[in-house]
Amino acid sequence: MTHSVPSTATLLPNVVRPHLTLPARAWLDQALTEAAQGVTPVTELHLAEAGRRCGPPHADTARILILQAAHPTPADLTRLYHRGTADERRAVLQALPHLVPGPEALPLVEDALRTNDTRLLTAALGPYAARHLSAHLWRHAILKCLFTGVPVGGVAQLAARAHGDAELARMLADFAAERIAAGRPVPEDLHHVLALTDPEAAPPPPAPDGGGPHGKES
């Protein structure tokens, strides 16, 4: 029995499809068809050339769609991440919420958080990290965002995870004091996050997927 592969019209977000050229649509159709066979060397090639084929503005979306079509295992994602360029690694991180329901891919998030690549840091702090990253690592990731200038507005479930977090509030106050003592400005985002830690503030609404943040222990 043969299984039909969904068309690009079904898989591509409507906001992206009109901006792809006809050759780009045809290439992505073929890439998705071949990705349905699983993660193969051809799949890896398509991930690598997505930027050239679809254009840099749409490369992330194309790579995520290819990954979704390939149904990679956590082991596949680990291999693709470590073999890939920074752009390919970012796509793997962005695809994690759609591909891995449990914490098995956390080592990839942790690796990205150790880098100074701000685009990787941003991608690492998406919904997957919001669900699975431990409180200790999440707090340090927020401080790293402040230190490197990554806007905290892109951190998934920031308000939910920061709410009532006294340890995070202490770390933020210490960081601000260190900056002031060194004669350096305190990032404006720090004041925003610090306000979110106030236990008296109204709690944030539940996450859209119904899942609360993990790892709120000290």
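Arg53 is partly exposed, with 39% relative accessible area (buried means under 20%, exposed over 50% and partly exposed in between, using a 1.4 Å probe and protein chains only). Its salt-bridge partner is Glu49, with the closest N and O atoms 3.8 Å apart; a salt bridge here is a side-chain nitrogen of Lys or Arg within 4 Å of a carboxyl oxygen of Asp or Glu. Glu49, at 11%, counts as buried. Both residues belong to helix α3 (residues 41-54), where 4 residues, about one turn, separate them; helices are DSSP runs of H or I with at least four residues, numbered from the N terminus.

The model is predicted, so local features need pLDDT of at least 70 and side-chain atom pairs count only at pLDDT 80 or more, while totals for chains, interfaces and linings use all residues. Residues are numbered from 1 along each chain as its sequence is written, and side-chain values use heavy atoms, leaving out hydrogens and water.

The structure holds 13 salt bridges in total. One of them joins Arg89 to Asp111, at 3.9 Å between the closest N and O atoms. Arg89 sits in helix α6 (residues 86-99) and Asp111 in helix α7, so this pair ties together parts 22 residues apart in sequence. Asp111 is buried, at 18%, and also meets the side chain of Arg114 in a salt bridge of 3.6 Å, N to O. Arg114, in turn, is exposed, at 59%.

Turning to helix α10, its buried residues include Trp138, Ile142 and Leu146. Just after α10, Gly149 takes a positive phi of about 85°.

How values were computed: Helices (H or I, at least four residues) and strands (E, at least two) are DSSP runs, numbered from the N terminus.
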